[in-house]
Amino acid sequence: MGMMKEFKEFAVKGNVIDLAVAVIIGAAFAKIVDSVVSDLILPLVGAVIGKLDFSNFFIVLGSVPPETAMTLDALKKAGVPVFAYGNFITVAVNFAILAFIIFLMIKQINRLKKETPAARQAPIVTPEDVLLLREIRDSLRK
């Protein structure tokens, strides 16, 4: 029963609950960023570069069965090994945008966070025995 008690104490700590909430919000936020990248940014980049669609960049590594369309989805469904570097480009762009957005959020939070003034340190009280020893030392010097 001691292990269950330890686990309960661990699970209800503030840090664990905060982490769980952060993971859930992060997963939802990642979906939003993924949509922004795949639905808004990549089409614009593709239009500027020349109507490129990064998700269809791949290299076929095996033999393609007859009557299989040469699209990434069709090849994957057919079980053909493909080197899908276009998906990697998309994920890398997603990561860069997500990291930049998080950087901006943290920068703004730090800017808005009120710095607490440093607490005044109380003067250090010298122990009485040290004061007496100093008096004795000073008396001996005279």
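User: Which residues form one aromatic cluster?
Analyst: Phe57, Phe83 and Tyr85 form that cluster. Bear in mind that this is a predicted model.

User: How many aromatic pairs does the count come to?
Analyst: The count comes to 2 aromatic pairs. One of them is Phe57 with Tyr85: the ring centres are 5.8 Å apart and the planes sit at 40°. Planes under 30 degrees apart would be stacked and over 60 edge-to-face, so this pair is tilted.

User: Where do Phe57 and Tyr85 lie?
Analyst: Phe57 is in the loop between helix 2 (14–49) and strand 1 (59–60), and Tyr85 is in helix 4. The pair therefore ties together parts that are 28 residues apart in sequence.

User: And what about Phe83 and Tyr85?
Analyst: They form an aromatic pair that is tilted as well. The distance is 6.3 Å centre to centre, with 40° between the planes.

User: Which residues of helix 4 are buried?
Analyst: Gly86, Thr90, Asn94 and Ile97 are buried there.

User: Why would spacing matter in a helix like that?
Analyst: An α-helix has 3.6 residues a turn, so residues three or four places apart point the same way.

User: New topic. How many salt bridges does the structure hold?
Analyst: The structure holds 1 salt bridge. Arg137 forms it with Asp138. Their closest N and O atoms are 3.4 Å apart.

User: Are those two buried, partly exposed or exposed? What is the figure for Arg137?
Analyst: Arg137 is partly exposed, with a relative accessible area of 39%. Asp138 is partly exposed too, at 36%.

User: Now the overall fold. How many helices and strands are there?
Analyst: The chain has 5 helices and 2 strands. Along the sequence the pattern reads α-α-β-α-β-α-α.

User: What is the radius of gyration of the chain?
Analyst: The chain has 32 Å. A compact globule of 142 residues would have a value near 14 Å. Along its principal axes, the C-alpha trace spans about 105 × 55 × 30 Å.

User: How far apart in space are Glu6 and Ser38?
Analyst: They are 44 Å apart, C-alpha to C-alpha. In sequence they are 32 residues apart. Glu6 lies in helix 1 (residues 2–11). At 58% relative accessibility, Glu6 counts as exposed.

User: What share of the chain do buried residues make up?
Analyst: Buried residues make up 10% of the 142 residues. The accessible surface comes to about 12,300 Å². Carbon and sulfur atoms account for 67% of that surface.

User: Last one: what share of contacts comes from residues 24 or more positions apart?
Analyst: They account for 45% of the contacts with a separation of 6 or more.

How values were computed: Residues numbered from 1 in each chain as written. Predicted model: local features only at pLDDT ≥ 70, side-chain atom pairs only at ≥ 80, totals over all residues. Heavy atoms only, no water. Buried < 20%, exposed > 50% of the residue type's maximum accessible area, 1.4 Å probe, protein only. Helix = DSSP H or I, 4+ residues; strand = E, 2+ residues; numbered from the N terminus. Phe/Tyr/Trp six-rings, centres within 6.5 Å; stacked < 30°, edge-to-face > 60°. Salt bridge = Lys/Arg side-chain N within 4 Å of Asp/Glu carboxyl O. Rg over C-alpha atoms; globule rule 2.2 N^0.38 Å. Contact = heavy atoms within 4.5 Å. Areas by Shrake-Rupley, 256 points an atom, 1.4 Å probe, with all protein chains shown as cover.
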